[in-house]
Amino acid sequence: MSMLNIGSSALLAAQTSLATTSHNISNVNTPGYSRQRTDQGPQPANFEGGYYIGNGVGITGVDRIFNQFLVNQLRTYTSAESQQDGFLTFSKQVDDLLGSSSLSISGGLEAFFNSVQEVANDPTSIAARQVMLTQGDLLANRFNTMDSQLGELDRQIDNTLSASVKDINVLSQGIKDLNQSISESLAAGYNPNDLLDKRDKLIGDLSELVSVNVVEQDNGAVNVFIGNGQGLVVGNSRVELSTIADNSTNPPRTAIGYGPSQINITQQLSGGEIGGAILARTDVVDSTRAELDVLAESIVTAFNTAHGNGVDLNGNAGTDFFDAAGTTASTISMNITDTRLIAASSTTDPGVGNNENALAMAALQTDKTTVVLDPGPPVISRSFNDQYGSIVSQVATRTNQASVSQETQAGLVSQIRQRSESVSGVNLDEEAANLIKFQQAYQAASQIITVSNTVFNSLINAF
Amino acid sequence: MRISTNSITQQGLEAMLRQQNELAKTQLQVSSGKRIQTPSDDPIGAVKMLDLQRQIGLSQQYQDNADVADSRLSTTDGTLKSAGDIMQRIRELAVQALNDTNSDESRQGIAEEINQLNETLVALANTTDSNGEYLFSGYQSDVQPFDTTTYTYNGDGGQRQLRVSDGYLVAINEPGDDLFITQTVAGPNQAIFQTIQDFTTALSSGIVGTAPNDGDFLANMDYAMDASLDARTRIGTRQNAVEQQREINDSSQFSMTTTLSQIEDLDYAEAITQLNLQSAGLQAAQQVYVKVQGLSLFNFL
């Protein structure tokens, strides 16, 4: 092997290394990019008369530097973090809603019962009675508004789910396509570094939406599973997700269907934005609405019963104060609109100045038996305000907990990302140093060729 | 450990964002003056706040109720005082009329004066308050309690009560039958107006010294005056109780408001210190970012 050949192999190796370094530098800001390294080794030597004579350098490959364990861990933590994040998006809104002084049921109850006391103070005053009717209406309105706001959140969750399903389908298509290219490349004997990065990036994006399980195949393709083992991408095929209507609730809401038969897999999915949205739906939105319904029903039942015990200004027994048909937060409404129909008087010595029933109605505010949680025995019950306080504290605690856990997960994600970056990320200073190193190698290799030329020339000139 | 260029940028960025986030939170707290912005900031505190707000609201309502009770009791007391004064005057005139030295004519004059006073007394018993409600007709507050000619009582025995604390209901009226239909020497209870009218009729007819229009009349007047004096004592006791309750409500309201403020309100000194620290932290993070970003081997190539 001639010196010229050795020189050109060195030139080629330096050139390739310079190209890889340039590739690294140019992709410094490409998300998901793993730095690459040109691997080189000595060419097989010639055995000549008892000696091995070196044959220069050869490129053995261009490696992608990464740590699969860290990539997997990052994926898991990302799913967990984005689940808490997705959950918080919704639970924070409920938290705000319940705590808002202009919307809170607590303020509505206070204003309403104060107006009942004013009627007790002055049962003949039409003005006081009018205020009580208005406050009753406003209280019902607060319930209606709060329920419709929660319903609005339910629709936001629907939108999140359908947007996520669309994203998942795009991602799974990409992963499937990359699987094919990668396995073909590998079969042909090439390491498709950039395609592998791209696929990892897509799977990472997928894990922000839903928690995934990734299994690598011998041919380099990956199988991606979601939920409890539903295959999303299996080799070169993929399964489409779809949004379907879940008719088990009224109004129907969005669920996630799997495959052509659109089996509902919503409950099986966890992690990521989807997991967060589903969790927020069951743990916050649904439970808050249910608890508000309990409170609304208790108010209607207790108040109507108390009101029915009295006598109105016309001398008739009290009719329903709230509409008896509306026993949920969305349907609670006033029944009476005439101030004379407020039954402030009791049945003993009924009269316009009798305020005994108004006092009894006002006493419901602090009555601890009005909201029955368990008919028992023993009966477990609490007051209207305690029930609302319990709703507020449940959501607040859950939100607070999610917020703390989100911070923890975000910390973990950032830590793992840094570790992964420390393996795979491009460091420009390092690349600059490499640039100098390989440039020098290139210059030296050029010298080999020059020298070999000089040597050759002196040989020629000898003749 | 190897650090990637992106990590350095990311770290600098995260530091700035975190500082900004904390700064924004403190800023919100300072501008609203509230430590708790949403219940999740402090779930236990938030529920305590709800409870305290309700109790303060209720206590405020009790104070309003106490105002109403006080005003009604004062009106009733004032009315009864006037009624007592009139009955006292009638009694004095009756003593004078019963004096043997009086002529029929002067008795006639006294009878007329007593009649006038009796009319005023009936009017007082039929007093209405500022809302047009009769003070002395029990629960039948839209019905005039005493007929102005027959003196029959048309009210009932209802006593309206107002809640001035969780455990205290105060009665704010006295039914008229207890006050003006009183014991007589002869036996059966009779409206004092009737007793007075009977007396003046006798005086006008010149019949003096026959029961019950003799010394018995004075005794009957005493019974009536005692009844209204008793009522005024009861009212005075209630006024005192309401006043005491008002003070209790005030002090409990004060302590609840203080507790609420401790839970809900911001400690400004602490928050401002925090704000300064955080803005210094943010500035430092920004400077570090710029400094570190400037470091590159490429600068020397």
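Trainee: In what order do the four strands of the open sheet in chain A run, and what is the pairing?

Mentor: The order is β5-β6-β7-β8 in chain A, and the pairing is antiparallel. Strands pair if DSSP finds at least two bridges between them; strands (E, at least two residues) and helices (H or I, at least four) are DSSP runs numbered from the N terminus. At the edges stand β5 (212-216) and β8 (237-238) of chain A, each with a single partner strand, so one side of each has no neighbour in the sheet. Inside, β6 (222-226) and β7 (230-234) of chain A share three bridges, and Ile226(A) has Gln230(A) as its bridge partner in β7(A).

This is a predicted model: local features need pLDDT of at least 70, side-chain atom pairs 80 or more, while totals for chains, interfaces and linings use all residues. Residues are numbered from 1 along each chain as its sequence is written, with chains lettered from A and ligands numbered from 1 in the order written.

Trainee: Which residues of α3(B) are buried?

Mentor: Buried means 20 or more other C-beta atoms within 10 Å of the residue's own, exposed 12 or fewer, partly exposed in between, with C-beta atoms placed from the backbone. In α3(B), the buried ones include Arg107(B), Ile110(B), Ile114(B), Asn118(B) and Leu121(B). Down the axis of α3(B), the buried residues fall within an arc of 140° (taken from the directions from helix axis to C-beta atoms), so they line one face of the helix. Glu105(B) and Gln116(B) are exposed on the face turned away from that buried side.

Trainee: And which residues are buried in α1(A)?

Mentor: Among them are Ile6(A), Gly7(A), Leu11(A), Ser17(A) and Asn24(A).
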